[in-house]
Amino acid sequence: MTRVDKMRRYIELTGVTYSDSTPYQMNIAEMMDLRALVEEAPMDALCLAFTYGRAKGERHARAERRA
């Protein structure tokens with residue numbers, strides 16, 4: 001099993017799923033902007049994507065606690 005397979009399995013076992021309409025999911029415009037950044041600074045793009053995902057997750061958790 002590759003590291004990427006392990007990452008996908010980790011996500012699957014955690015049960016992280018969002019519908020396409022949630023504000024906690026990256027949208028296509030954000031993905032395209034990250035794709036452009038990958039071409040000039042791949043590691044910066046990866047770090048930004050990870051940090052942005054964590055921030056989205058944190059906001060989702062806060063919203064769940066308020067509900």
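Arg-62 and Glu-58 form a salt bridge, with their closest N and O atoms 3.1 Å apart. This is a predicted model, so the distances here are computed from it. The two residues sit four places apart in helix α3, which means that about one helical turn separates them. Arg-62 is partly exposed at 44% relative accessibility, and Glu-58 is partly exposed too, at 35%.

Glu-58 also meets the side chain of Arg-65 in a salt bridge, at 3.7 Å from N to O. Shared partners join Glu-58, Arg-62 and Arg-65 into one network. Arg-65 is exposed, with a relative accessible area of 59%.

## Another pair, on helix α1

The whole structure holds three salt bridges. One of them links the side chains of Arg-9 and Glu-12, at 2.7 Å from N to O. Both residues belong to helix α1 (residues 3–14), where they are three residues apart, about one turn. Arg-9 is partly exposed at 37%, while Glu-12 is exposed at 56%.

## A lysine tucked away

Is Lys-56 buried or exposed? Lys-56 is buried, yet has no salt bridge. The nearest side chain of opposite charge, Glu-30, is 4.1 Å away, and a salt bridge needs the nitrogen and oxygen to be within 4 Å. A polar atom of the Lys-56 side chain does lie 2.8 Å from the backbone oxygen of Pro-23.

Ala-45 and Ala-63 of α3 are buried as well, and α2 is among the elements covering the buried residues of this helix.

Methods:
Residues numbered from 1 in each chain as written. Predicted model: local features only at pLDDT ≥ 70, side-chain atom pairs only at ≥ 80, totals over all residues. Heavy atoms only, no water. Buried < 20%, exposed > 50% of the residue type's maximum accessible area, 1.4 Å probe, protein only. Lys, Arg positive; Asp, Glu negative; His and termini not counted. Polar contact = N/O pair within 3.5 Å; in protein donor to acceptor, adjacent residues only side chain to side chain. Contact = heavy atoms within 4.5 Å.
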